[in-house]
Each structure stands twice: as structure tokens, then as C-alpha cells.
Amino acid sequence: AVALGLDVAGGLGGAAERLVVITHGDYGFFLTDKGLTKGISRQRLGLEAERFWFLFFGRIDAHKGLDTAIGALARMGKEAADKRGDATAASALPGLIVAGKPKKEDMLKIDQKIGDLQLRDRVRLFTGHIPVSDIQQYFQAADAVVLPYRESSTSGIFHLAMGFRKPVVACAVGGLKDAIDDGVTGILVPPDDEGALARAMELVATDSATRERLAAGWSSALAEHSWERIAALTKAVYQDVA
């Protein structure tokens, strides 16, 4: 059984002792071009090189809380620039890369919120199907990944962030609260809380010690999510059943 953030064992009674949890695997194999640096990726995407960029990646649905991330970005305000000590406050304010295919009705609401909050210079939209060959470019361009989901079973985006060794800020819902070791491999906040999300994003954007700690946290996580371990566990389950 794959962990989905659900009380699976609780509903199985005596059979719970036969439940085996096999984690989602590391997506580091998407990192295929060693020469594709952060600078090159930002240049290709037309992003300011000096700005701290968060990435929201994947299909854009209401339950994924992109509107919450945009509201949080606006709340960060000039405090982030002041803490970074940058002279040019406008360019120092963190930005958000949005890359994924939206539903038309969801995107209309998102676009309106971006305009209402005057964030068009800090939110860059790359809407539509993202080819597999372009995934690396978006993750290399980003400094951190945000998963502001309202609900979730599990998320391959978190494992993409793991593969690219990016700090993660996520809402504590579904499988995310099980997959992410709060304060070690990412920062968890309550869902639908723009203030809490803004504070966590600002911490990651302004505190290099936090970013270094989260990057170091991947060392232990990668061992747990390695495909070798997953293969061995899967094989063991089938051998046991047989």
C-alpha cells in the first residue's frame, strides 16, 4: 500500500499488521542536463536573475490553492526585501513562477486576483501543457517550491522538488503531511491560511540558514525514497505473499 495520508490501518482491524507502506520514489532522474544552470533557465524563461523565485508546478485546480499562494506572496510585502538587505527593494521582493495546465474558469479567477493585488511583475504564468523535456528548466530556475494545497492524496511535485533538492513550503494535508518532515525537508503550514503561508515563504526566501538546513535534510529523505529501497521492499512483499 502506498501512504496516502489516510487512516488506512485504522479501518482494517486485525489485518492492519499485514499492511506494508512503500513510499513514493525520488524523481531525481528528471535532472538530465548538467549544463542547464539556474542562470540559463531564468534567461530562457525571461525571469529576473536577482529575484528569489518560488515555483508552483503542475495542473492548476482549485483544490491546489494557487490563489492562497498568490495572496501569501502579496502579504510578504517589503519586509522580505528589507531582511535581505537589498538596495533595490522592488526587484528583491520574491516572485512566483506558475507552470501548468489550468482549467479556464480557475485561471480567470487567478488572473483577476493577480491584477487586483498588483502582482503582475512578480507572478509569471506559463500556462498549458509542460513537456517532460521542459520540467528541468522550471525547477532549475526556482529557488524553492510551494504546494499550497487544500487537499491532497500524495503529490509527485514534492518528489520533483526532492529530485532537484529544492526547499519546500507546503500545506499539511493528505499525504504531504506524511511525506514532509516539518522543519527538516520542508515547512508545513495549515491549509487556506495566507498569513501562515506568507510567513513560511518569507522565512525560506530570507533566511539562508533555513534553506541550508532544508537542503541538508534531503540526505536522509533520499535514502528512504530511493528506487533501490522501493524495489527491495516490493520484491519482499511479493515473496512473502508467495
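This is a predicted model: local features need pLDDT of at least 70, side-chain atom pairs count only at pLDDT 80 or more; totals for chains, interfaces and linings use all residues.
1. Strand 4 pairs with two neighbours. Strand 1 (residues 53-57) runs parallel to strand 4 and is joined to it by two bridges, with phenylalanine 54 standing opposite alanine 144. Strand 5 (residues 168-171) is likewise parallel to strand 4, here through three bridges; valine 168 is the bridge partner of valine 145.

2. Five aromatic pairs are found in a search of the whole structure. In one of them, the ring centres of phenylalanine 57 and tyrosine 138 lie 6.2 Å apart with the planes at 50°, so this pair is tilted. It links distant parts of the chain, since phenylalanine 57 belongs to strand 1 and tyrosine 138 to helix 6 (residues 135-141), 81 residues apart. Phenylalanine 57 counts as buried because its relative accessibility is 7%, under the 20% cut-off.

3. Tyrosine 138 also has 7% relative accessibility and therefore counts as buried. This residue forms an edge-to-face pair with phenylalanine 126, at 5.5 Å centre to centre and 70° between the planes. Phenylalanine 126 lies in strand 3 (residues 123-127), twelve residues from tyrosine 138 in helix 6, and phenylalanine 126 is buried as well.

4. Phe57, Phe126 and Tyr138 belong to one aromatic cluster that also includes Phe139 and Phe164.

Technical notes
Residues are numbered from 1 along each chain as its sequence is written. Side-chain values use heavy atoms; hydrogens and water are left out. Two strands pair if DSSP finds at least two bridges between them. Helices (H or I, at least four residues) and strands (E, at least two) are DSSP runs, numbered from the N terminus. Rings of Phe, Tyr and Trp (its six-membered ring) pair if their centres lie within 6.5 Å; planes under 30 degrees apart count as stacked, over 60 as edge-to-face and the rest as tilted. Buried means under 20% relative accessible area, exposed over 50%, partly exposed in between (1.4 Å probe, protein chains only).
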